[in-house]
Amino acid sequence: MPDLAIRENSLGRLASAARTIPAAMLTVLPDAAKLLFRGRPSSIDAAGKAFGIALPMEACRFATSGNRTAYWLGPDEWLLQAVGEDSAALFAGLAAALAGHSQSLVDVSHRSDAFALSGPQAAYILNHGCPLDLSLQTFPVGMCTRTIFGKATIMLSRPAPEVFHIDAWRSFAPYVWQLLDEARSELA
Amino acid sequence: MSGRFRTPSGGRVDRRRTIRFTFDGKSYQGFEGDTLASALLANGVHLVGRSFKYHRPRGIVTAGSDEPNALVGVGVDDAHYTPNLRATQVEIYDGLVAESQNRWPSLNFDVGAVNEVFAPFLSAGFYYKTFMWPRAAWAKLYEPLIRRAAGLGRAPEQPDADRYTQVYAHCDVLIVGAGPAGLAAALATSASGAKVFVCDEQAEMGGSLLAEKTAVIDGLLAADWTAKALADLAARTNVTLMPRTTAFGWYPHNFLGLCERITDHVAKADPKLPRERLWQVRAKEVVLATGALERPLVFPDNDRPGIMMAEAARIYANRFGVKPGDKALIFTACDSAYRAALDLKAAGVAIAAIADLRAAPGGLWVDRARAAGIDVRAATVVTGTSGRLRIDSVSLAKLGPDGRTGASETIACDLLLMSGGFTPSVHLFSQSRGKLVYDEALQAYLPGASVERERSVGACRGISDLDTVLNDGAAGGSGAAQAAGFAGALGGTFAVHTDSVGTDGFIGVTPHGGHPSKTRAWIDFQNDVTAKDVKLAIREGFRSIEHVKRYTTTGMATDQGKTSNMNALGLVSETLQIPVPQVGLTTFRPPYTPTTFGIFAGQSRGDLFDPLRQTPIHDWAVAQGAVFEDVSLWKRAHYFPRAGEDMHAAVARECKATRQAVGIFDATTLGKIEVVGKDAAELMNRMYTNAWTKLEPGRLRYGVMLREDGFVMDDGVVGRMAPDRFHITTTTGGAPRVLAMMEDYIQTEWPDLDVWLTSTTEEWAVIAVQGPLARKVLEPLVEDIDLSREAMPHMSVREGKICGVPTRLFRVSFTGELGFEVNVPAGYGRAVWEAIFAAGKPYGITPYGTETMHVLRAEKGFIIVGQETDGTVTPDDAGLSWAIGKAKKDFVGKRSLARPAMTASDRKQLVGLLTVNPKTVLEEGAQIVADPAQPIPMTMLGHVTSSYWSTTLDRSIALALVRGGRARIGERLSVPMPDGPITVELVEPIFYDPKGARLDA
Amino acid sequence: MLLITCPHCGPRAELEFSYGGEAHIARPIDPTGLDDEAWATFLYKRSNPKGVHAERWRHLHGCGRFFNVLRDTISDTIVTTYPAGQPRPALPSDGKENAR
């Protein structure tokens, strides 16, 4: 297992200087093993069994069990996330279980970094760049989707009514964070 | 006290709170709740600006956003300055600094008014006619002159100090306008539980109800009913009330732009707040309750300060407690001006007379005016006015049954009020692409069939009396809730006690008996367009209103003709003797009122303008003093200057170190795609020109990708990691389009292939270690990988570990030297880079940037897609025929390569160029010709695509695309430059180590 | 800004999508069997109608899927959306010729 202490989060410096604004908090989420799974319908069950979570078949939904979450990203695409795990071991386990299936598994653990936006004004702040209707009726708890924030693609999920998780590619993550931080200035 | 013209009591201003402000440097007082216009009027100030073209003195005409004249600049300094604000919308606060515009040296004495003398030369189309010749004079003389003389406010030169934000919002029903119809709609629709937004451009909601003194609604005086309605709405959690918010634009699918003004009315604004917020609202249903605008009458000299809309004067009196003058004369074509006259009289303004255009005005309001002792004159017109900086008298004449005017009588006054009736505000409806329908009886365009999910209610669809307006609003609000899927809206009717003012009105130019060429009756105040100009345009053959508009500029000012369009139409209709609908109607476009650039920029300014993409090694390069360049959105280290070095010296040193020892380069920005699945090789075969089937796992290949039209789209090194897994690299800028094109083919052409793509651009940090000593640097750091020449030849890839973290180690070279590209998970990129750099110290490892990378690859004749190619270059043009799998039956772009034009012998082909003088470095983009002495335009044979000083070769080198270039190798051609032609020799496009011995070291 | 209904994710703002040109233009199975003119027609000729247009969009910043949209090029009204690979739906007002 590599020396994880040398892993750098693209948001590390911003996070350490983050302002405390209770109405809309920005918090970096812990590093995770992330595998991108794509495949034929026949491979989905096997992937879910090996990962320990049945992959959500409903569009734009995620399922969580313990430190693991499976996010529906497209009709043949799921992000399998395991917080605090070594991606190589996770990959090896899944790859073995999926041998012979028509599918693709790619380690994307370092591609993106994630953070939470939480608080009573989280949705309002997120709408400063995200065009989705974030009311609980149209974006309920348990929903996830790729979408756009400003000029960056993000993966957005809602684990609780006032908590959003934002996963952005490394080089875009600071931009997304800073734009949200600028937007929440009026709540400071 | 806030001015002599303030009424002793009444109005909605807060008389306990005095506000101090300055206008053109002079201090004034007003009350909280005043607009700049009402406060100036309270102080007797009517002259507030100079007109656009003739610099005519101009005063306040309206009380709303339709104001054409009273444009002011506001702001204490340049960083907070906004020009061209309508004084009728500017709320005063303590310390407000406002100034008039388009005058020099002062508003009272304006040198530009000399244009008045030249007025005969400034008629319609004068720009086109006058400034045509000589052509050379345009840029240097005419344009600067016109720009200085004619214009609006000045643009501030300091960066805007304010914040602006943009936010998306969604609602079930958006109601635009909070007058009686909008409030009734809001009450009805919100009772259903629908999420409702109500926006209104004014500071206070209520619209016309705010100036209503006598009407009774459901047993309450209008003001009390309004207050109750607003309180009820505010108490409903599903309602958002948005005052000071202009719905300025309608975009497809019920998407509206709303500009909320947040701090402009506050003396000491909270610095955390944005000055303005752009609401980007998607509404399931929209209710337009945008009301109607009063029309001016067009008569000679109708533009003097002190000439005002009748309803505006009523608003100033009733709502702001301001008398717009001491003695008013009223010129009208409708009953509402009588109501205004009575309210003004009650406020203490003497009414000199009411001149009514109509032959036999009668009815309730006329009777009331007569009963109040007002001199009502039927069939009477204004034939002229006088007064330099403020109106001082009006000439009236009787209108005979034949349309001729009789003898004129002059009446002294300091206020002339006019009313030509009301024009429904159909701007947003028109923006929504709904068709307007002309209503003969109302002489107005009304909303026809809807295109979007919206409905118009109240005065904006031609309904005028308060009871019907309220009931229409309620019905519309209820309908909108139902259409949005909500039952339980309140329809209902209101019990209203009020008196109708009818729907009379007039469009066009009122009869005046003056000589047509000697009288000037203004149609468009803001653009200084007179009836004479419009008639001239018609005489010169313009028929369509779209052409008349552009030729005369009527309706093209910042107010988009809110007060002028219908009168222009009326005039054209009358002159051409055709009905108004045949004249047409100009198109309304966003924004409804002028909108700041700030809200369109929003938070996208400075470092947040675009994502600044940085690699994990970025901060290290910053610490080393690297100079960066933008490559698409990425910041890349361009070169690493040491103390005293310029770019030339730094690049020379970096090149030398890499060729002689070892260099280290951050190649993280390369695009990467993982192609996985049992049909991965088949997809590669179809997408790339090369053959992939036989590439063994652990080997690399340079791949070329074409578009279907046969032109080079991208290139990059591809590694086969396993039989069913490829690691593609793309150009830095090309990654998204390569991925998109491959996805397109997989999803839409070959869905049967078992293969999937995953972008891994950001998964891997890529550290290029290049140079004869590269192996020595890396060897001690890797585990489980044999880097020897035998075990790991050029163009191979191994998986293992480096510095304890996983790596995909490529043996590949873009420099021509022994080289490796170390891929490690991005989070480890910085640590591994530093470890390699430390290990390379004993060998003189040198960081190099993109400029050195460019020079080194050009020495080897390696192309860069986007530099040697431009979307019209085939693989053969670029010298890449060797990369085409000849045996392959098909690949994307193959069929196009056989089209006749793609195989012509005179296509531009890649060659090397050596200047005859080795010290001369060509300019990239320079054209290449055979004979520089040939007459212009010369026959151009090609152009320079890359050009550098090569330290390695101690001379300049260049790559070029030249017609039939390969057959010309050995020839001399010429590059004409301003300092004289440069002679070049065409050579093979490779300058260094042509056999590639160094690569294989 | 258009509101486009992704067949998988539902209605989303136009910002999330990329445009993909006219729909139902299949790449020939055997390009080498086509003469130059037929190939040029496949490459470059598009119908560009005034009215209902079948066009491709991709939910780029979403599920990533390509799909087809019937959009009226005059009003921007979207008549319907349907997954890639399905035939163009017939319109009530559309007559016979479009159901290919």
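I took a salt bridge to be a side-chain nitrogen of Lys or Arg within 4 Å of a carboxyl oxygen of Asp or Glu. The model I examined is predicted.

**Entry 1: chain A against chain C**

I looked up the salt bridges between chain A and chain C and found a count of one. In this salt bridge the side chain of Asp76(A) meets that of Arg65(C), at 3.4 Å from N to O. On the side of chain A that touches chain C, strand 4 (68–74) and strand 8 (144–149) each supply at least two residues. Strand 8 gives the largest share of that side, four residues. By class, I recorded nine nonpolar, four polar and four charged residues there. I then turned to the extent of the interface: 17 residues of chain A are in contact with 11 residues of chain C, and the buried area is about 1000 Å², with 57% from carbon and sulfur atoms.

**Entry 2: the domains of chain A**

I read the domain assignment of chain A as domain 1 (12–30 + 111–188) and domain 2 (32–108). Their centres, taken over C-alpha atoms, are 24 Å apart. The contact takes 15 residues from domain 1 and 13 residues from domain 2. Together the two domains bury about 1200 Å² between them. On the domain 1 side, Arg111(A), Cys144(A) and Arg146(A) lose the most area to domain 2, together 41% of what that side buries.

I found two salt bridges across this domain interface. I also recorded a salt bridge between the side chains of Arg146(A) and Glu77(A), at 3.0 Å from N to O.

Note on methods
Residues numbered from 1 in each chain as written. Chains lettered and ligands numbered in written order. Predicted model: local features only at pLDDT ≥ 70, side-chain atom pairs only at ≥ 80, totals over all residues. Heavy atoms only, no water. Contact = heavy atoms within 4.5 Å. Buried area = accessible area lost by both parts, 1.4 Å probe. Nonpolar A, V, L, I, M, F, W, Y, C, P; charged D, E, K, R; others polar. Domains from an automatic or database assignment.
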